[in-house]
Amino acid sequence: MSWIHDKAKAELARVREAREKQVYPYFREFETGGLHTTIAGKPVINFSSNDYLGLTNHPKAKEAARKAVDKYACGLSSSRVQATTVEHVELERRFASWFGFEQCLLFTTGYQAMLGTIVSLADKDTTVILDNLSHACILDGTFLAVGVPGRSPEVRFFNHNSAKSLERILKTRERKNALVVVEGIYSLDGDKAHVAEFVEICSRYDAALVVDDAHGTGTLGTRGTGILEEMNLQGNVPVVVSTLSKTFGGIGGLLLADETTVDLVKHTARSFLFSASLPVPIVAAAAAILDIVEAEGPALVRELHDKAKYMRDKLTEIGFDLGTSNTHIMPVMCKDERKTLFMHVALLECGVLMVPITYPAVKHGEERLRVNVTRGHTKEDLDIALELLKSYGDAFFVLSGEDLGPLED
Ligand SMILES: Cc1ncc(COP(=O)(O)O)c(C=O)c1O
């Protein structure tokens, strides 16, 4: 096994260095759920959560899950083919109707939903066209499709959010069918995709557009159904993939499309067919959250937007660069790995968790703290975070942009 250890030693050099310098930022151990938790016994406000409407810990979601545990336990010991319940099918029906699609298919994770969708749709007659800042699930689904014997689609990338660049690729593609995949909101930059332009171009070139709306679900549109509602494009995008791991309180993936497309994916996606079905307590919690969102969606979404605006205005006033963000996801650009890690550690010492995003997740010079504002944050939480960001943004020259200088040992 020595080669594995040699490989680990080579590939984990940066991890080792960060641990030695006590700035390793990941896998922090929460001791409770919720946006207000503790780490090593110390209270922490979590700004890295994707619980965008603050409903994950809602008593109704917990109660629904508890009841489902009594009825179904925590697992069904098989995949959906052999282990579908009335709860799965009812939630699929309700999500299809809420999002405004003919049908919905529940996967066990959003990652698997995207993998399965791409691998099922893309074959040797297809050019898969991706934004160059695509999420790992989109890239991995595409790479997997390329590796399936006899199917191997062509793969091309267009410049981030650029309709012109997409059009160039559609014009010069080698295969007859085109599958274009974009995200509603890009999770590291917090910017919305130019979906209206993509819809228009895809219709001219007869390309199928897939929107991964993991971060737009629950946060965009008056009712919170996502980027298509916000941009008045419902009925214009054939396939949406989303997740239950953010607004909907647990885990799970959603495919939304017409009946034929869903049927195709349902019978061919190996990430659906060969992985255990979503546990019913998770289905029940999501259904309880959907009840709340159906009843109060517009007010909840408005509250999220008000809090996000407050945070954005204050961060901008202090002088932080928020990149291209125009949503509740706000990257606080530190533009230097050490500055980002020092900010993270200093903030955490003071009870605020903001996860650092560094190379290779982003390019060198684009390092940042990823700040997610949720409806569950109080104004006091936001003020505490702003005060600390301002102090440490000064102390670590994030605001001035000056060089941090050499490290003292
Ligand atoms: C854009 C995007 N798509 C898909 C996923 C995967 O979702 P899940 O957590 O349900 O696997 C994520 C998760 O972070 C995401 O950010």
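Setting aside neighbours within four places in sequence, A207 is in contact with L170, A178, V180 and C202. Two residues count as in contact if their C-beta atoms, placed from the backbone, lie within 7 Å. This is a predicted model: local features need pLDDT of at least 70, side-chain atom pairs count only at pLDDT 80 or more, and totals for chains, interfaces and linings use all residues. Residues are numbered from 1 along each chain as its sequence is written.

A207 sits in the loop between helix 8 (195-204) and strand 7 (208-212). Helices (H or I, at least four residues) and strands (E, at least two) are DSSP runs, numbered from the N terminus. A207 is buried, because 20 other C-beta atoms lie within 10 Å. The rule is this: 20 or more other C-beta atoms within 10 Å of a residue's own make it buried, 12 or fewer make it exposed, and anything in between is partly exposed, with C-beta atoms placed from the backbone. A257 lies 50 residues from A207 along the chain, and their C-alpha atoms are separated by 15 Å.

E183 is another buried residue, with 27 other C-beta atoms within 10 Å. E183 belongs to strand 6 (residues 177-183). Beyond the neighbours within four places in sequence, E183 is in contact with H135, A193 and D212. Between E183 and L130 there are 9.7 Å from C-alpha to C-alpha, although they are 53 residues apart in sequence.

Now step back to the whole chain. The protein has 14 helices and 13 strands. Its C-alpha atoms fill a box of roughly 60 × 55 × 55 Å, taken along the principal axes. A compact globule of 409 residues would have a radius of gyration near 22 Å, and the protein's 22 Å agrees with that. The radius is taken over C-alpha atoms, and the globule rule is 2.2 Å times the number of residues to the power 0.38. Of the 409 residues, 47% are buried. Take the contacts between residues at least 6 apart in sequence: 73% of them join residues at least 24 apart.

The chain divides into domain 1 (18-56 + 297-395) and domain 2 (78-278). These bounds come from an automatic or database domain assignment. The domain centres, taken over C-alpha atoms, are 28 Å apart. Domain 1 gives 24 residues to the contact, and domain 2 gives 17 residues. On the domain 1 side, helix 12 (280-318) and strand 10 (329-333) are the elements that give two or more residues. Helix 12 has the largest share of that side, with five residues. By class, the domain 1 side has 13 nonpolar, nine polar and two charged residues. Here Ala, Val, Leu, Ile, Met, Phe, Trp, Tyr, Cys and Pro count as nonpolar, Asp, Glu, Lys and Arg as charged, and the others, Gly among them, as polar.

Next, the ligand. Its shell holds 13 residues, and the closest are T109, G110, Y111, A214 and T243. The shell has four nonpolar, seven polar and two charged residues.

Helix 5 returns in the packing of helix 10: the buried residues of helix 10 pack against strand 3 (103-107), helix 5, strand 8 (239-243), strand 9 (253-257) and helix 11 (270-273). Which residues of helix 10 (residues 259-268) are buried? They are T261, V262 and V265. They cover an arc of only 95° around the axis, so they lie on the same side of helix 10. The arc is that of the directions from the helix axis to the C-beta atoms. On the other side of helix 10, E259, T260 and H267 are exposed.

Finally, the backbone in some loops. A73 has a phi near 60°, a positive value in a residue other than glycine. A73 is in the loop between helix 3 (59-72) and helix 4 (86-99). It counts as exposed, with 12 C-beta neighbours inside 10 Å. N232, also not a glycine, has a positive phi of about 60°. Its loop runs between helix 9 (227-230) and strand 8. N232 counts as exposed because it has 10 C-beta neighbours inside 10 Å. The peptide bond from Y359 to P360 is cis, with omega near 10°. P360 lies in the loop between strand 12 (355-357) and strand 13 (368-372).

Notes:
A residue is near a molecule or strand if its C-beta atom, placed from the backbone, lies within 6 Å of it.
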